[in-house]
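Have a look at it first, then read on.

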Amino acid sequence: MFLLKSVWDNILFHAKRSFLSVLLITIASSAMLLYRGFVEYSEQGLALGFISNSGHIQVSMKSADEPQSTDNTGTALLSARDMETLRSIYADMPAVKSSDAVLNFQGIIGTDTDTAVFWGAGYDSPQHLGATDGTPVFAGDQSLVLGKELFETLKLNTAQEPFVNLMSSIGDSGLLTGSFAVSGWLDTGTPQNDAGLVIASRSALLDFFELKDSASYMRVYLHKDTDMPAAQAALDSYFAEHQLPYQTQNWKERNPSWEQISGLFRNQSYFINIILYILIFTALTQSLSASFMERIGEFGTMEAIGLKRSSVIQMLVLEVCLINLAGIIGGIVLAQLGNSLTEICNITMTPPGYTRAYRLSFYITLPAILTTQFFIFLTGIISVLHPMYTICKHSTVQLIHYNGS
């Protein structure tokens with residue numbers, strides 16, 4: 001208790017020096033947390049976008065040797081009976097949150113003057129995708145929402161209630177043409193995707209192609225992202241055990257670009273992290289070590305008035321621990337304030353290759369806090385090794401008259 005009180009008195013006596021040390025640790029701590037949070041946000045945000053579009057898991061028909069009814073992407077269609085069977089399987093899986101069916105179609109879309117190739121999909125609840133301008137497509141609507149680039153290519157105007165002509169085929173329907181109203185357009189942020197994007201109601205497409213209830217695949221959404229490997233393994237095992245003609249693909253398999261982009265994020269973060277850690281380590285050890293070395297004479301005086309050398313070293317360690325803890329707490333608070341500030345000010349960023357800006361946020365996780373703050377704390381302890389060595393090496397008289405030479 002005496003040592004702790006003495007340490008606190010020393011901190012207050014050197015208030016300005018202690019405050020600057022705490023401030024330095026706070027800035028270093030928050031900088032590391034915010035950078036880790038930004039990298040995590042970029043990676044997780046990308047993953048959430050892919051999961052929202054494709055589901056955690058997609059279930060479709062296996063390829064078979066005998067002819068099957070397929071959509072015009074070559075995917076064998078799930079029948080109404082297949083979908084009912086799959087829904088009954090999902091109902092017995094606690095990890096499954098929801099599921100829906102998707103019908104792919106593609107072909108040529110145009111007006112009286114302009115044409116383009118499109119790739120589209122019919123959803124059970126297409127209104128969830130929304131529309132940047134105009135009205136979303138609702139279940140059963142005989143209308144379409146186009147990608148922004150495709151909408152502009154066809155020179156359409158939502159104020160004029162435009163119509164477009166489609167030419168496509170699915171299954172045994174043959175080549176069909178028909179007119180659809182365009183209720184709006186959607187900017188997904190990716191020009192390459194928007195250049196041919198068409199969103200429709202699955203039930204409306206079934207009526208247009210005069211098909212029975214069918215789908216290209218079913219999307220499965222889970223309660224937790226971490227449940228995906230176990231859920232996919234359980235589905236594969238069930239299909240194999242009961243000899244069901246279905247196959248699964250998770251969102252990573254459906255979106256191989258995620259691994260490439262995520263790998264790029266990780267490689268960049270490793271390189272920048274190394275530089276950041278070296279700079280922070282050098283700055284903290286130099287600053288804290290110099291601060292304590294300037295007080296070597298003070299520690300010698302403490303020893304001269306009767307304090308044991310081991311107690312002096314303990315005081316030194318306790319003091320740097322308290323300063324470290326204060327700076328770490330301040331860093332965590334500052335990082336959270338910085339994150340809140342970006343949300344309040346609605347600060348946005350536009351990722352490379354995208355046209356839409358997204359709200360900037362810092363995804364600060366518990367593992368990130370533990371690893372970064374352990375590094376800060378360890379750096380603080382290392383910074384007092386030289387002062388501790390100096391105290392152990394020199395006599396009391398030498399410490400009192402120590403001038404650093």
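**Notes on the model**

1. Let's start with a loop: Glu210 sits between α6 and β10 (214-215). Helices here are DSSP runs of H or I with at least four residues, strands are runs of E with at least two, and both are numbered from the N terminus. Glu210 has a positive phi of about 55° despite not being a glycine. At 72% relative accessibility it counts as exposed, where exposed means over 50%, buried under 20% and partly exposed in between (1.4 Å probe, protein chains only).

2. Before going further, a word on the ground rules. This is a predicted model, so local features need pLDDT of at least 70 and side-chain atom pairs count only at pLDDT 80 or more, while totals for chains, interfaces and linings use all residues. Residues are numbered from 1 along each chain as its sequence is written, and side-chain values use heavy atoms, with hydrogens and water left out.

3. Glu161 is another non-glycine with a positive phi, about 45°. Its place is the loop between α4 and β7 (163-168), and Glu161 is exposed, with a relative accessible area of 64%.

4. On to the rings. The whole structure holds 6 aromatic pairs, counting rings of Phe, Tyr and Trp (its six-membered ring) whose centres lie within 6.5 Å; planes under 30 degrees apart are stacked, over 60 edge-to-face and the rest tilted. One of the pairs is Phe151 with Trp185, tilted, at 6.4 Å centre to centre and 40° between the planes. Phe151 belongs to helix α4 (residues 148-153) and Trp185 to strand β8 (residues 176-186), so this pair ties together parts 34 residues apart in sequence. Phe151 is buried at 5% relative accessible area, and Trp185 counts as buried at 18%.

5. Phe180 and Phe208 make an edge-to-face pair, 5.0 Å centre to centre with 65° between the planes. Here strand β8 provides Phe180 and helix α6 (residues 202-208) provides Phe208, linking distant parts of the chain that are 28 residues apart. Ring pairs join Phe180, Phe208 and Phe209 into a cluster.

6. What lies over the face of Tyr217? Arg254 does, at 5.9 Å from the ring centre. The test is NZ of Lys or CZ of Arg within 6 Å of the ring centre and within 35 degrees of the ring normal.

7. Ala31 counts as partly exposed at 33% relative accessibility; its C-alpha is 9.1 Å from that of Leu334, 303 residues apart in sequence. Ser21 is buried, at 6%, and is 6.8 Å from Leu288, C-alpha to C-alpha, across 267 residues of sequence. Setting aside residues up to four places away in sequence, Ser21 touches Leu288 and Ile323, a contact being heavy atoms within 4.5 Å.

8. Asn255 is in the loop between α8 (251-254) and α9 (257-293), and it is buried, with a relative accessible area of 12%. Beyond its neighbours within four places in sequence, Asn255 is in contact with Phe50 and Ser54.
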